[in-house]
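Student: I'd like to learn how to read a model like this one. Could you walk me through it?

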Amino acid sequence: MLSKYLNQLSHDFISLSFLTFLVLYLLYIIVIRIHLYIYKQKHNSKPVHYKNFRLYSQSLISNSPSKKEKNFYVQTNKITFFFNFLLVTACIIYIFMCFT
């Protein structure tokens, strides 16, 4: 039964693209949560301006009160840019696959 479902999924680009975006989204959430958890365990505090899916501006990074928060914001930006790049790339690939 599972092989039948996977075979159907491999031929249906809409379901495959939805599943890919869902997996990338969940992977992003897990990576960000782990990143925040490590920060909390290491420094015994939560960053002041933390929000999910936020890209931090250079002014916020340069004006943050501590070096540990600056590093956290820079690393969070890198993670968010990477997953945004993956999502855009996956979208372009699936659009290309659907129209060829």
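Tutor: We'll go from the overall fold to a helix, a charged residue and some rings. This is a predicted model, where local features need pLDDT of at least 70, side-chain atom pairs count only at pLDDT 80 or more, and totals for chains, interfaces and linings use all residues. Residues are numbered from 1 along each chain as its sequence is written, and side-chain values use heavy atoms, with hydrogens and water left out.

Student: How many helices and strands are there in the protein?

Tutor: Helices (H or I, at least four residues) and strands (E, at least two) are DSSP runs, numbered from the N terminus. Here you get 4 helices and 0 strands.

Student: What radius of gyration does the protein have?

Tutor: That radius is taken over C-alpha atoms, and the globule rule is 2.2 Å times the number of residues to the power 0.38. A compact globule of 100 residues would come out near 13 Å, but this protein has 18 Å. The C-alpha trace spans about 55 × 30 × 15 Å along its principal axes.

Student: How far does H4 reach from its first C-alpha to its last?

Tutor: The expected span of a helix is 1.5 Å times one less than its number of residues. H4 has 32 residues and reaches 47 Å, close to the expected 46 Å.

Student: Which residues in H4 are buried?

Tutor: Buried means under 20% relative accessible area, exposed over 50%, and partly exposed in between (1.4 Å probe, protein chains only). Among those buried in H4 are Glu69, Phe72, Tyr73 and Phe83. Their cover includes helix H2 (13-43) and helix H3 (58-63), with contact meaning heavy atoms within 4.5 Å.

Student: Which side chain of opposite charge is nearest to Glu69?

Tutor: Lys and Arg count as positive, Asp and Glu as negative; His and the chain ends are not counted. A salt bridge is a side-chain nitrogen of Lys or Arg within 4 Å of a carboxyl oxygen of Asp or Glu. Glu69 is buried without one, and its nearest opposite charge, Lys68, is 6.3 Å away. Leaving aside neighbours within four places in sequence, Glu69 contacts Tyr39, Pro47, Val48 and Ser64.

Student: How many aromatic pairs does the structure hold?

Tutor: Rings of Phe, Tyr and Trp (its six-membered ring) pair if their centres lie within 6.5 Å; planes under 30 degrees apart are stacked, over 60 edge-to-face, the rest tilted. The structure holds 6 such pairs. Tyr56 and Tyr73 have ring centres 4.6 Å apart and planes at 40°, so that pair is tilted.
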